[in-house]
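Please keep the sequence and the structure in view while reading.

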Amino acid sequence: MSQALDALLDLLDLERIEENIFRGRSRSAIVPRVFGGQVAAQALVAAGRTVPEDRTAHSLHAYFLRMSDPGAPIVYTVDRIRDGRSFTTRRVVAVQHGQPIFHLSASFQTYEDGLDHQAEMPPAPDPESLPAAEDVLPGYRHLFAHPGIADRMLEARAAVDLRYVQEPPWATAGAPRAPRSQVWFRTNGKLADDPLLHICLATYVSDMTLLDSVLLAHGRGGWAVGDVVGASLDHAMWFHRPFRADEWLLYDQESPSSSGGRGLGQARIYTRDGRLAISVIQEGVVRVPR
């Protein structure tokens with residue numbers, strides 16, 4: 001296991017300070033706030049620790065409410081909404097400096113057989129045929145707003161091997177193209193056989209690139225280039241089938257709409273053998289600087 005992955009797992013290992021109250025540490029993201037994927041993953045960890053082990057998360061719905069402070073801990077309070085025979089529902093509020101910064105609702109279910117169909121996996125090259133981030137990001141330094149951005153991006157993504165199928169938005173800024181992108185990802189090291197852990201790691205990664213497709217439609221390079229400013233507003237995920245976050249997953253993303261200073265991204269995450277594992281939808285603020 002890489003040191004970066006070990007540090008990320010430590011970040012997700014929340015401290016229990018009361019029966020339904022947990023405390024998580026924070027670290028700076030690429031921008032001066034806590035990475036949204038970290039908050040969502042920590043909130044799901046808090047919810048999962050109040051649920052019987054035989055129930056697996058099948059959906060989450062979350063809102064980012066306020067700017068988060070990377071220099072302060074985050075307190076997660078879990079509300080045990082429902083404990084049914086098949087489904088368990090939890091609500092989590094994340095608080096910093098006495099104010100809620102994030103709200104998550106999650107549902108868990110015991111395993112059962114049922115009807116089964118899925119959307120077909122789109123074509124994509126093998127992940128091993130694509131360059132790793134450390135091999136390509138330094139070549140984009142001249143495009144970024146500041147020379148240290150490439151190093152900050154590499155540090156922020158060191159726990160995850162994330163490989164773009166097409167060129168990322170900052171590489172083609174100024175040239176609009178189809179609002180669709182694909183990345184392969186997996187953790188940089190093996191994980192324990194804990195389904196909740198794999199779901200939380202996928203939740204963490206899901207916030208990294210989903211709004212890229214919004215930028216592509218308008219030829220914008222993103223915050224790294226400095227031609228847009230933005231932040232996540234809400235995030236929803238549905239976990240359809242078992243998967244491992246330490247094995248290659250294809251993140252197939254697109255943007256059906258942007259308007260009113262907001263952009264919508266939607267995506268499907270497939271296992272390498274073609275099983276649809278996760279569906280994701282996210283809306284974010286996407287503004288052109290004045």
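This is a predicted model: local features need pLDDT of at least 70, side-chain atom pairs count only at pLDDT 80 or more; totals for chains, interfaces and linings use all residues.

Sheet
- Twelve strands make up an open sheet with antiparallel pairing, in the order S1-S2-S4-S5-S6-S3-S9-S12-S11-S10-S8-S7.
- Strand S1 (15-18) and strand S7 (160-164) are the edge strands, and each of them pairs on one side only.
- On average, neighbouring strands of this sheet are turned by 25 degrees against each other, direction ignored.

Helix on the sheet
- Helix H5 (residues 195-209) packs on the sheet, and the strands it touches include strand S3 (55-64), strand S6 (99-110), S7 and strand S8 (180-187).
- Helix H5 also touches strand S9 (229-239), strand S10 (249-259) and strand S12 (276-287).
- The direction of H5 makes about 145 degrees with that of S9.

Gln96
- Gln96 counts as buried because its relative accessibility is 4%, and buried means under 20%.
- A polar atom of the Gln96 side chain lies 2.9 Å from the backbone oxygen of Ala72.
- Leaving out residues up to four places away in sequence, Gln96 touches Ser26, Ser68, Asp69, Ala72, Pro73, Ile74 and Ile101.

How values were computed:
Residues are numbered from 1 along each chain as its sequence is written. Side-chain values use heavy atoms; hydrogens and water are left out. Two strands pair if DSSP finds at least two bridges between them. Helices (H or I, at least four residues) and strands (E, at least two) are DSSP runs, numbered from the N terminus. Axes are lines fitted to C-alpha atoms, for helices over the stretch in contact, and angles run from 0 to 180 degrees between N-to-C directions. Contact means heavy atoms within 4.5 Å. Buried means under 20% relative accessible area, exposed over 50%, partly exposed in between (1.4 Å probe, protein chains only). A polar contact is a pair of N or O atoms within 3.5 Å; within protein, one must be able to donate a hydrogen and the other to accept it, and residues adjacent in sequence count only if both atoms are side-chain atoms.
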